Amino acid sequence: MARIPNATIEQIKARADILEVVSEVVQLRQRGRNYFGLCPFHEEKTPSFSVNPSMGIFHCFGCGKGGNAITFIMEYEKIDYIEALKRLADRYHIRIDWEETGEDREQGEIALLYELHDLAMNLYHQQIFSEKGKSALDYLIQRGFSREIIKQFKIGFATDDWENLFRKVDAAKFSPGVLEKSGLFVRKEGTLFYDRFRNRIIFPIHNLAGRVVAFGGRTMDANPEASGAKYINSAETPIYFKSGILYGLFYSKDQIQRFGAAVIVEGYTDFLRMYTSGIQNVAAGSGTALTFHHAKALKRFTSQTVLCYDGDEAGQNATERAGFILMKEGLDVKAISLPQEDDPDSYLRTHSVTDFNLLYKNAPDFITFYINRHQSELTSPASKTLFLEKIVAELIEIRNPVTRELIVQQVADRLRLSEELINSQIRFVQRQKAAYGTSSSKPDTVEEKTIQLKSPVEKAEYELIKLILTDNPPLGEIVTAYLKPEQFSHAILKKIYSRIVARLDDTKSIQPASLFDDEWTEQEKFYLSRLLFEAEHLKEESADIDLQRTAKDCIVVVLAAETEQQIKQLRERIKVAEKAKEDTEKLIIELSNLRRKRKEIEHLFTAIAE
Ligand SMILES: [Zn+2]
């Protein structure tokens, strides 16, 4: 087992710039000390995703995601810590000299899921060349996919057996929990599972790092309904973010970058046919309709896209939906219309690459494609109005004003309407939306995920952590002098506070980004990143003297509540003792001590302050 030396990890962390890392996938706009953009982790129209470069952290006020540059890459790319470090090292040209450790590091769940997928891929791939896989192999070869292609893309075959894969899995290594999460099995009962993929040709789906994270399984049944569905695909898992991964993009990303454009197709075989025919700047939606996450993934490599879906009605409808999604993400879109009976796979089997290139070269831009497709409906003023409403509903979601303006010009031209008319229609719809509170033109009304604090004590605890996180040393000293972590009542706040105390003991300062290097749950990261952002805000807004005053007030609240709790418990004990006719004298002395203590707490800081 090799590991990255600590010094290198430190070097990577020091170099990792949250703003650079996030900017690659999120368009950020500066507002004060923070940057805001649309959250890549949840769907939203108003930016609530924020990055603070000086703290080196991000936080989404909408969904609560938070962390540093490394956790951002881990979450966004669905990769583990080591992979994320490697990615950053690559990016900043930091050399990693792997250290041999000898002993096997305990494997995390993510690593196990990857391993399970490798195991499955190898088994399926092996089987397609076995006796049992003969029909699958014949099927593919008959459709023009050679053995070389099958080997290159690790295409496989899952036999018609309920436990084909399950039997091969080492139960000592992969817990039932991991098996269930992998999405490769269906739990029968207890520790018994059966295979999800049976009697299907298997297409492994890679993430951008080249790891197999999911599979698509195709039936060879001429009547697909008889065997469930033509395709079944892996469900979402901790390593597979369905709407973010395009099939084949791992293979084609360099070609897409080199070529400056990506052809987007629908199916696995469409991709394979294109790629192996020499049209290598291609990627396929893997079993789902195109989403804005897919668009974002593509945007890392190119801004030009060409949709090439099935020629039939369904395919052309899907082209419309995908086109608007890509456009809204700021990508240029063209659309190829294949003959009605063709998909890219069948087209390239019956036509030459030159034929295809001609279609490609002459592909209209998406708006032209869209209007052409509806041209015949636009016969009356009423139908024109209806069409305009439909297109305006899409246009208002295009955020880039330049892109939108260009499209408005185009639409006006094609429909023989004035640009002003279309623009006024856009403004009208925007106003209407604003009236219903769903406008994208109101950046300050964000659907906020809120932290629920039940009691004044919890609120005080929250406030105290926030105050310490302003990284104003006297505040940290005051709070830690009076409160130990175990005196906190809120479980998450207690954990956060204890980590902070440990850090202050250690280094005397809080480095916000490095706080996220610890193990935290999703909910804890939500609290921590929210606290850090609020602390930053507080620091700007308030004078030090006020912050100290607040800290003292909050300490009193927490201590008083603790003492109050002790008094309550003691009263109970006295009651019980009295009932049992036991001696209560000691308890009563204790009670009066506690009462005195509570009084003292109330005046804890008055002598100092006044
Ligand atoms: Zn979010």
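**Figure 1. Helix α1 passes helix α4 in a left-handed crossing.** A crossing is called left-handed if the near helix is turned anticlockwise from the far one by less than a right angle, and right-handed if clockwise. α1 covers residues 6–15 and α4 covers residues 81–91. Their axes come within 10 Å and cross at roughly 65°. Axes are lines fitted to C-alpha atoms, for helices over the stretch in contact, and angles run from 0 to 180 degrees between N-to-C directions. From α1, the contact takes I9, I12 and K13. From α4, it takes Y81, L85, L88 and A89. Contact means heavy atoms within 4.5 Å. Six of the contact residues are nonpolar, none is polar and one is charged. Here Ala, Val, Leu, Ile, Met, Phe, Trp, Tyr, Cys and Pro count as nonpolar, Asp, Glu, Lys and Arg as charged, and the others, Gly among them, as polar.

The model is predicted: local features need pLDDT of at least 70, side-chain atom pairs count only at pLDDT 80 or more, and totals for chains, interfaces and linings use all residues. Residues are numbered from 1 along each chain as its sequence is written, and side-chain values use heavy atoms, with hydrogens and water left out.

**Figure 2. The whole chain holds 26 helices and 18 strands.** Helices (H or I, at least four residues) and strands (E, at least two) are DSSP runs, numbered from the N terminus. The C-alpha trace spans about 100 × 65 × 55 Å along its principal axes. Of the 610 residues, 49% are buried. Buried means under 20% relative accessible area, exposed over 50%, partly exposed in between (1.4 Å probe, protein chains only). Among contacts with a separation of 6 or more, 66% join residues 24 or more positions apart.

**Figure 3. The chain is divided into four domains: domain 1 (2–100), domain 2 (107–240), domain 3 (378–435) and domain 4 (456–602).** These bounds come from an automatic or database domain assignment. The C-alpha centres of domain 1 and domain 2 lie 32 Å apart. Six residues from domain 1 and eight residues from domain 2 make the contact.

**Figure 4. Helix α12 (residues 313–328) packs against helix α15 (residues 366–374).** The angle is about 140°, and the axes are 10 Å apart. That makes α12 oblique to α15; angles under 35 degrees count as roughly parallel, over 145 as roughly antiparallel, 65 to 115 as roughly perpendicular and the rest as oblique. The crossing of α12 past α15 is left-handed. In α12, the contact residues are E313, Q316, N317, T319, E320, G323, F324 and M327. They meet F366, I367, F369, Y370, R373 and H374 in α15. This contact counts six nonpolar, five polar and three charged residues.

**Figure 5. Helix α15 is mostly covered.** Seven of its nine residues are buried. They are F366, I367, T368, F369, Y370, I371 and H374. Their cover includes α12, β18, α16 (381–395) and α17 (401–415).

**Figure 6. Q340 sits in the loop between β18 (332–335) and α13 (344–350).** With a relative accessible area of 59%, Q340 is exposed. Leaving out residues up to four places away in sequence, Q340 touches G311 and D312. Q340 and D312 are 28 residues apart in sequence, yet 4.7 Å apart in space, C-alpha to C-alpha.

**Figure 7. R530 lies in helix α23 (residues 522–541).** Its relative accessibility is 2%, so R530 counts as buried. Leaving out residues up to four places away in sequence, R530 touches H59, C60, F61, E448, K449, T450, I451 and Y462.
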